[in-house]
Amino acid sequence: MSFILAVTSDVFASWLQSNAPLTSKSHNNIPHIIFGNFWTVPRQDCYRGKTSSIYNQSAQEKTREVEMPPSTKSGTLLRSSTGRPSPLGVSQLGDAVNFSLFSKHATSVTLCLSISGRSREFSKMESQMQEIPLNPKENKTGDIWHVCIENLPLSGVLYGYRVDGPEGWHTGHRFDKNLILIDPYAKLIEGRRVFGDNNEKMSRFLGTYDFSSLPFDWGNDYKCPEIPEKDLVIYEMSVRSFTADKSSGLEPSIRGSYLGVIEKIPHLLELGINAVELLPVFEYDEFEFQRHPNPRDHMLNVWGYSTMNFFSPMSRYASTGGGPLAASLEFKKMVKALHSAGIEVILDVVYNHTNEADDEHPYTTSFRGIDNKVYYMVDTNSYVQLLNFSGCGNTFNCNHPMVMELILDSLRYWVTEYHVNGFRFDLASVLCRGPDGTPLNAPLIVKAIAKDPVLSKCKIIAEPWDCGGLYLVGRFPNWDRWAEWNGKYRDDMRRFIKGDGGMKGTFATRISGSSDLYQINARKPYHSINFVIAHDGFTLYDLVAYNSKHNEMNGEGGRDGCNDNYSWNCGFEGETRDPAINALRSRQMKNFHLALMVSQGTPMMLMGDEYAHTRYGNNNSYGHDTAMNHFQWNQLDARKESHFRFFAETIRFHRQHPLLGRDTFLTKADITWHEKNWDNFDSRFLSFSLHEGKYGGGDLYIAFNAHDYFVKSVVPPPPSGKFWYRVVDTNLPSPDDFIVGGVPGVKKIYEMAPYSAVLLHAKP
């Protein structure tokens with residue numbers, strides 16, 4: 001039998017009041033009191049000194065001693081003391097373990113422990129956990145509940161909390177003492193071990209810790225890359241989907257894992273990117289859609305935008321179902337390997353909402369049951385009390401002091417413990433709202449992230465909008481630190497290249513660095529994260545193959561996903577064997593990629609676009625753990641010498657040419673627009689020259705023809721002593737579409753095919 005501390009019995013309380021003597025040497029003579037199946041012993045009134053709290057209050061530590069019954073481990077003794085309020089979460093105090101939990105509105109907190117660790121029947125283990133009620137007079141400092149326990153194992157213990165408080169729906173509280181909740185500061189989460197394991201579909205999740213393992217060996221020669229922002233080329237990818245498919249050629253035990261990413265680093269190097277932006281890798285429940293009957297209950301969450309805990313790496317991305325400790329270790333191995341290859345690691349983080357959903361179908365695992373009115377934006381005067389600016393049923397209360405500290409602690413932890421290089425903040429406009437949802441001009445959390453010394457070298461990127469209409473592209477509070485996903489770049493590039501009228505001037509603004517949005521204060525061109533494609537929306541191939549979304553497989557009748565895709569199917573909806581249409585689609589994909597790589601700003605591309613991955617028109621594929629999202633390595637092999645080659649060479653040219661990675665905005669001396677018809681709505685041709693000036697590297701001439709007919713482009717004279725070399729013509733078949741070093745013989749008139757682009761390089 002395991003052991004537990006308990007002080008809830010009236011009989012027990014009366015015994016305590018008798019002040020019977022108790023010493024550590026006489027514990028075998030203490031009269032045991034049995035409550036149900038648990039053995040307990042009285043508290044010893046033994047002062048252990050004082051500790052300072054985060055509220056500058058003193059906390060006197062008193063110990064309680066508990067002996068395990070003879071039927072298990074005779075002589076093993078647990079001591080419980082008052083503990084310390086700081087740090088939050090679980091920490092080691094000598095040989096003891098301290099537990100600390102914030103809850104402003106709770107009236108009772110009970111620590112729940114499983115000493116034996118994970119059971120094969122994990123989902124049933126909750127009923128077998130041992131419980132330690134915390135005395136609010138002794139185990140509480142300010143709004144922090146805390147207890148310290150000696151003789152606990154230093155790893156493998158599972159824990160959670162029962163939290164109770166004010167009742168009544170109208171109060172905005174959602175306390176439920178029947179639930180065991182995850183510590184918001186848990187560094188590791190134990191639960192289902194294998195991704196998508198139907199045998200443990202309804203598994204509960206609990207915190208765990210590890211103080212016994214040796215520190216991770218980063219190596220004496222390890223160096224964390226510090227790539228200047230102007231030099232970044234970002235590759236947005238999913239850890240699971242990158243190698244989950246059988247075509248990856250990996251052993252089943254490491255497919256879809258952190259170790260799987262390591263195996264495919266050679267591909268990333270061949271492609272030429274130098275930063276990966278990982279879709280969420282914080283712990284989440286892939287079965288969340290299947291917990292109650294609904295139109296989406298056939299899907300698995302493969303994207304991960306439904307955070308359960310902000311400190312723990314996704315445990316089911318460990319190899320061989322290794323669990324949370326293995327996930328932590330293997331995540332570090334992945335980061336170390338990527339860094340050794342010169343590739344930075346940026347995490348897509350979701351602080352705008354959690355997995356706990358709404359009040360209609362709540363999935364209470366942590367924050368909601370610990371202190372709903374603190375962690376979420378709540379309007380008790382509304383019938384639907386949870387404000388929903390995330391589109392996911394709840395909105396994290398990011399500018400509340402304790403929530404803000406949680407976010408900052410989480411970010412710092414990922415930097416110091418896991419050595420990540422930066423963060424992209426999902427629906428970051430939520431971070432710009434006050435507790436009632438009102439937009440803030442100078443949100444404290446956004447400023448704190450920008451100014452935090454631990455985060456000072458990190459890339460910080462905002463997705464500057466939310467589902468409540470707070471669109472802040474070019475206006476996101478930034479303190480000259482924050483970069484932004486430039487949604488206007490995406491839309492304007494799509495519209496011009498597919499041939500929409502009246503877009504030439506806007507296209508020129510976007511390709512030259514979006515100075516209308518970012519040339520303010522000390523902001524730089526690289527603060528614009530330029531992208532045509534991202535995880536949500538069409539893939540690059542689908543952008544040129546579908547006019548409309550095809551989301552029927554999502555189960556919502558096609559109502560989900562964006563309707564404004566600015567796509568063009570090139571003459572036929574979906575797959576076709578028509579060679580002319582397929583050639584046009586190939587040309588358009590190359591046009592988009594070239595435009596991205598010659599634009600001023602930081603380019604970002606999506607995993608799979610390097611071989612023209614298709615989701616068959618689904619522009620919201622978050623719930624499909626299938627080939628729809630999985631990287632298809634056989635298709636990459638089939639297109640290695642054509643489509644992939646063009647993409648890789650264009651990235652390489654971008655990284656090598658100094659005119660395409662500027663840290664200042666273009667001036668009139670830097671660029672010449674070969675254009676007089678700016679106001680012509682029907683003009684869909686644009687050409688310009690970038691001049692090397694002090695940067696060197698040779699002038700560039702770049703032209704885009706989005707007309708459906710040939711255009712005779714007048715090529716300007718090259719600089720004195722140099723000649724134009726054709727590097728790119730997207731109308732030509734591979735390998736002539738990109739010639740490394742270029743080919744000479746460019747004439748004064750260059751006849752450009754419909755929907756094509758060229759790049760010329762001035763060389764001696």
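This report walks through a few parts of one predicted protein model.

## The whole chain

As the model is predicted, local features need pLDDT of at least 70 and side-chain atom pairs count only at pLDDT 80 or more, while totals for chains, interfaces and linings use all residues. Residues are numbered from 1 along each chain as its sequence is written, and side-chain values use heavy atoms, with hydrogens and water left out.

Let's start with the overall count: the protein chain has 15 helices and 30 strands. Helices (H or I, at least four residues) and strands (E, at least two) are DSSP runs, numbered from the N terminus. Of the 764 residues, 61% are buried, where buried means under 20% relative accessible area, exposed over 50% and partly exposed in between (1.4 Å probe, protein chains only). Looking at contacts (heavy atoms within 4.5 Å), 71% of those with a separation of 6 or more join residues 24 or more positions apart.

## A covered strand

Strand 7 (residues 96–102) is mostly covered, with seven of its seven residues buried. In a regular strand, side chains alternate between the two faces of the sheet. Here both faces are covered: Ala96, Asn98, Ser100 and Phe102 lie on one side, and Val97, Phe99 and Leu101 on the other.

Which strands pair with strand 7? One is strand 6 (residues 89–93), which runs antiparallel to strand 7 and is joined to it by five bridges; strands count as paired if DSSP finds at least two bridges between them. Leu93 stands opposite Ala96. The hairpin of strand 6 and strand 7 has two residues between the strands, and Gly94 takes a positive phi near 65° there. Another partner is strand 11 (residues 144–150), antiparallel to strand 7 over seven bridges, with Trp145 as the bridge partner of Leu101.

Axes are lines fitted to C-alpha atoms, for helices over the stretch in contact, and angles run from 0 to 180 degrees between N-to-C directions.

## Two crossing helices

How do helix 9 (residues 487–497) and helix 13 (residues 579–598) cross? Their axes come within 11 Å and cross at roughly 135°. The two helices are therefore oblique to each other: angles under 35 degrees count as roughly parallel, over 145 as roughly antiparallel, 65 to 115 as roughly perpendicular and the rest as oblique.

From helix 9, Tyr489, Met493, Arg494 and Ile497 meet Gln588, Asn591, Phe592, Ala595 and Leu596 of helix 13.

## A buried tyrosine

Tyr413 is found in helix 7 (residues 401–418). Is Tyr413 buried or exposed? Its relative accessibility is 18%, so Tyr413 counts as buried. Not counting residues up to four places away in sequence, Tyr413 touches Lys187, Phe311 and Tyr418. Phe311 is 102 residues away along the chain, yet the C-alpha atoms of Phe311 and Tyr413 are separated by 7.2 Å.
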